[in-house]
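Please look at the sequence and the three-dimensional model before reading on. This report then goes through the model one topic at a time.

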Amino acid sequence: MLRADAVERLKTSAFDILVIGGGATGTGIALDAATRGFRVGLVERYDFGSGTSSRSTKLIHGGVRYLEQAFKKLDRAQYNLVRHALAERAIFMKIAPHLSRRITLLAPTYTRGEELYYWLGLKIYDMLAGKRGIGSTRLHSRAAALAEFPALSAAKLKGAVAYYEGQFDDARMNIALALTAERAGAAIVNYTQVVGFVKEGGSIGGVQVRDTIGDAAFEIHARVVINATGPFTDVIRQLDDPAAQPVLQTSSGVHIVVSGELCPPDTGMFIPKTDDGRVLFLLPWMGKTLIGTTDEPAEPVDHPIAGEADLAYLIKHVSRYLERPLTRGDVLAAWSGLRPLFAGKHAAGRGTAKLVRDHVIFESPSGLVTVTGGKWTTYRQMASDAVDHLVRERGLVEKSPCITATLRLVGGDGYRSDGARELVQKFGFDRDIAEHLNHAYGDRAESVAALTAQGLGKRLSDGYPYIEAEVVWAAREERAESVMDVLARRTRLAFLDRAGATHCIERVVELLAGVLEWDATRRKREHGEARARLSNGL
Ligand code: FAD
């Protein structure tokens, strides 16, 4: 569906459910609700996934750290969160096979006690996953650990405990959810911001929005409005009721990206405890190494910035585990994401690292339904719980039950893990381009590849598998509306290499202008905005 058609539907329909926010939570809810037969609309004020959902560590996981806290504090909530998330991990990987994969994580050990502690903990983690486990925890000798992860420092190393997690492309998963929800009948629109509510006798019956692409303001009517705005949950709650007390404590998590030489292609490192009690990951991601993350209380802002102090913290702590310490000059890209952590009555003034990462669903007196907290891994459960809530508490009658545990997302249906070979044969691509297209687009890879017949086969940036055809595809088929939509979320170049992304701004503007019919003023603006985003916060 074209954006203009979706906007028209927002203007003219009476929806059962209107979702505010196009991150993992919002698009997950839209998909769940549309597949149960509800009339669904969704508005996102920027791009799908442009908030927290493209800035995660990209792990599909139960959370080893939370399991430790569950046992140390005999905390049932943490324990259940891990158990449910491990079940969701398996579902996630099945419904989005092209966008996810299994990776090995090594936790280096330095004493016999440490080895036993991690081994036992991770065995319990495996046990909690049960039949849905994705591999068995193993002990590595010192030699085996160094052979598997050559960049690991040998000093004082005893060995490592190896376990398995899922990894995914968060931004493309977010787009896949939006497109699948649209395929199921939802009207999904980005660059449309909720600026007020439509109320009758104090009850919400819709929202007032501003479409920043079409430069228009209008109302959308719905029986129920859901607030799925992540870090901006309280902003929306206070737009409804200025006296609403905050329930969220946001925390910033910074990641850096360095050369891929640090990590073997399928193995990362899990550092269970830094001096200040945090965990760190060093992960192979899209040919580079992703390192994160920090956890500092922060205010919700539109484009969070990865500060130099955060970068220094990551470099310092990770370097202790490496044969060759990292320097600031190794950093190719960095970004910050804001965790929406539910803190209930205690929203102000607490450290965030120990808040339970569970989700909550609750209603304001006006009927606004807020869904927040949770993790990417549990987005599907959050969505299903939210729609169940509407059926139970708001009298919405579903036409069919929830099917999202088995519904493959757009691109996933005909995906074959060996599909790259065919792309090489048919289109003569280099292997890395074929692999990338197969994973990013799944069963749509051939359609993207077919665009190269129009002279769009060139790489966008040397050393990266992204090609020009993807820019055109993104604008035509995936609702990309700006240069940064393409560089940061349809491709991931901005997250991998800031300089590489900056170099191809000009060409991306040119390609997008052709499809989206931009005039000279718009071209200039896009150029400037992309430069600003790439040199400040993404
Ligand atoms: P968001 O993605 O922020 O979406 C909210 C959306 O609402 C935004 O796009 C915003 O633009 C929109 N919005 C706001 N106001 C309005 C308005 N007025 N009108 C319209 N739209 C509006 N989870 C995992 O499972 N695995 C991980 O490895 C992992 N790592 C993480 C690492 C970090 C550093 C962080 C911060 C989080 C991590 N998470 C991880 C958690 C996960 O990323 C989040 O729980 C999830 O992305 C939150 O999604 P969301 O949709 O609730 O919020």
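The sections below move from the whole chain to single helices and rings.

## Basis of the report

The structure is a predicted model, in which local features need pLDDT of at least 70 and side-chain atom pairs count only at pLDDT 80 or more, while totals for chains, interfaces and linings use all residues. Residues are numbered from 1 along each chain as its sequence is written, and side-chain values use heavy atoms, with hydrogens and water left out.

## The chain as a whole

The protein chain contains 19 helices and 18 strands, where helices (H or I, at least four residues) and strands (E, at least two) are DSSP runs numbered from the N terminus. Along its principal axes, the C-alpha trace spans about 65 × 60 × 40 Å.

Among contacts (heavy atoms within 4.5 Å) between residues at least 6 apart in sequence, 71% join residues at least 24 apart.

Helix α12, residues 431-441, has as its buried residues I433, A434, H436, L437, N438, A440 and Y441. The elements that cover these buried residues include α7 (170-183), α11 (419-427), α13 (445-450), α14 (468-477) and α15. Just after α12, G442 takes a positive phi of about 55 degrees.

Within this helix, H436 has a relative accessible area of 13%, and is therefore buried. Leaving aside residues up to four places away in sequence, H436 touches Y441, P465, Y466 and E470. Y441 also has R172 over the face of its ring, at 4.2 Å from the ring centre; a charge sits over a ring if NZ of Lys or CZ of Arg is within 6 Å of the ring centre and within 35 degrees of the ring normal.

## How α15 meets α19

Two packed helices are described by the angle between their axes and the distance between the axes. For helix α15 (residues 483-490) and helix α19 (residues 520-535), the axes come within 8 Å and cross at roughly 35 degrees; axes are lines fitted to C-alpha atoms, for helices over the stretch in contact, and angles run from 0 to 180 degrees between N-to-C directions. On the α15 side V483, M484 and L487 take part, and they meet E526, A530, R533 and L534 in α19.

## Aromatic pairs

The whole structure holds 14 aromatic pairs, that is, rings of Phe, Tyr and Trp (its six-membered ring) with centres within 6.5 Å, where planes under 30 degrees apart count as stacked, over 60 as edge-to-face and the rest as tilted. Y163 belongs to strand β6 (residues 159-168) and F270 to strand β12 (residues 267-271), so that the pair links parts of the chain 107 residues apart. Both Y163 and F270 are buried.

The ring centres of F168 and W376 are 5.2 Å apart and their planes stand at 75 degrees, so this pair is edge-to-face. F168 and W376 are both buried, and together with F92 and Y379 they form one aromatic cluster.

Notes
Buried < 20%, exposed > 50% of the residue type's maximum accessible area, 1.4 Å probe, protein only.
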